Amino acid sequence: MLKSLSISVAALAVCATGAVSAQNIFGDPNSGTVVLEAGFPDDPHTVELVSGGSINAEEAIGNCSGYISEDPDVRLTFTRDETHDALPLFISVRADGDTTLVINAPDGNWYCNDDGQGEGVNPSVVFGPAQSGDYEIWVGSFEEGEFIDAQLDISGLGGQ
């Protein structure tokens, strides 16, 4: 587990981008706002949503893939505490189609993923250790014009 966590965190650093985009990080989330504190009891916390949009994430943000909406799909307001200070935060998607994940983290950087850890087509991003603050999350569809029923999972215990 620790080895895969280290690899995930290292992979995340490669996928981070500081690019500025036309995304509306302050927009009303399409599927709502989630407020969680480290160690939350309903782990993983799941949000049902539909992926996709008309904006090409690669053109809008750079180093990202898929088609996303202008406003985030979900806004996660996360608070870590001293007990869980060094624990990671896993954000992943489960869907029957090819989805992508685009996240604007509390540090202002963009984090993107297409195919998780290389297994299948479900994306995931690991923040280790987790940061307190707002995470604006977009779930994109790899193909333009495709809208896929999906589940966004937020976990402090592990991802896909």
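## Overall make-up

The protein chain has two helices and twelve strands, where helices (H or I, at least four residues) and strands (E, at least two) are DSSP runs, numbered from the N terminus. Read from the N terminus on, the elements follow the order α-β-β-β-β-α-β-β-β-β-β-β-β-β. This is a predicted model, in which local features need pLDDT of at least 70 and side-chain atom pairs count only at pLDDT 80 or more, while totals for chains, interfaces and linings use all residues. Residues are numbered from 1 along each chain as its sequence is written, and side-chain values use heavy atoms, with hydrogens and water left out.

Of the 160 residues of the protein chain, 47% count as buried, a term that stands for under 20% relative accessible area, with exposed meaning over 50% and partly exposed the range in between (1.4 Å probe, protein chains only). The chain exposes about 7600 Å², and carbon and sulfur atoms supply 51% of this area, which comes from the Shrake-Rupley method with a 1.4 Å probe. Among contacts (heavy atoms within 4.5 Å) between residues at least 6 apart in sequence, 78% join residues at least 24 apart.

## An open sheet of four strands

Four strands, in the order β3-β12-β7-β10, form an open sheet with antiparallel pairing; two strands are taken to pair if DSSP finds at least two bridges between them. Because β3 and β10 stand at the edges with a single partner strand each, one side of each is left without a neighbour in the sheet. From one strand to the next, the twist averages 15°, with axes being lines fitted to C-alpha atoms and angles running from 0 to 180 degrees between N-to-C directions.

Within this sheet, β7 and β12 pair in the antiparallel sense over six bridges, and Phe90 has Ser155, in β12, as its bridge partner.

## The nonpolar cores

In soluble globular proteins, nonpolar side chains tend to be buried together. A nonpolar core is a set of buried Ala, Val, Leu, Ile, Met, Phe, Trp, Tyr and Cys residues joined through side-chain atoms within 4.5 Å. The largest such core here has 27 residues, and those with the most contacts inside it are Leu76, Ile91, Tyr135 and Leu152. Among the elements that give two or more residues to this core are β6 (74–79), β7 (89–95), β11 (133–141) and β12 (149–155), and the largest share, four residues, comes from β7.

Leaving aside its neighbours within four places in sequence, Tyr135 is in contact with residues including Leu76, Phe78, Ile91, Ile103 and Phe127. A second, separate core of nine residues includes Ala57, Cys64, Trp110 and Cys112.

## Two salt bridges

Side chains of opposite charge can pair when their charged atoms come close. The count comes to two salt bridges, each being a side-chain nitrogen of Lys or Arg within 4 Å of a carboxyl oxygen of Asp or Glu. In one of them, Arg75 pairs with Glu136, the closest N and O atoms being 3.0 Å apart, and this pair links distant parts of the chain, with Arg75 in strand β6 and Glu136 in strand β11, 61 residues apart. Arg75 is buried at a relative accessible area of 13%, and Glu136 also counts as buried, at 6%.

The side chains of Asp153 and Arg94 also meet in a salt bridge (2.5 Å, N to O). Asp153 lies in strand β12 and Arg94 in strand β7, so this pair ties together parts that are 59 residues apart in sequence. Asp153 is buried at 8% relative accessibility, whereas Arg94 is partly exposed, with a relative accessible area of 38%.
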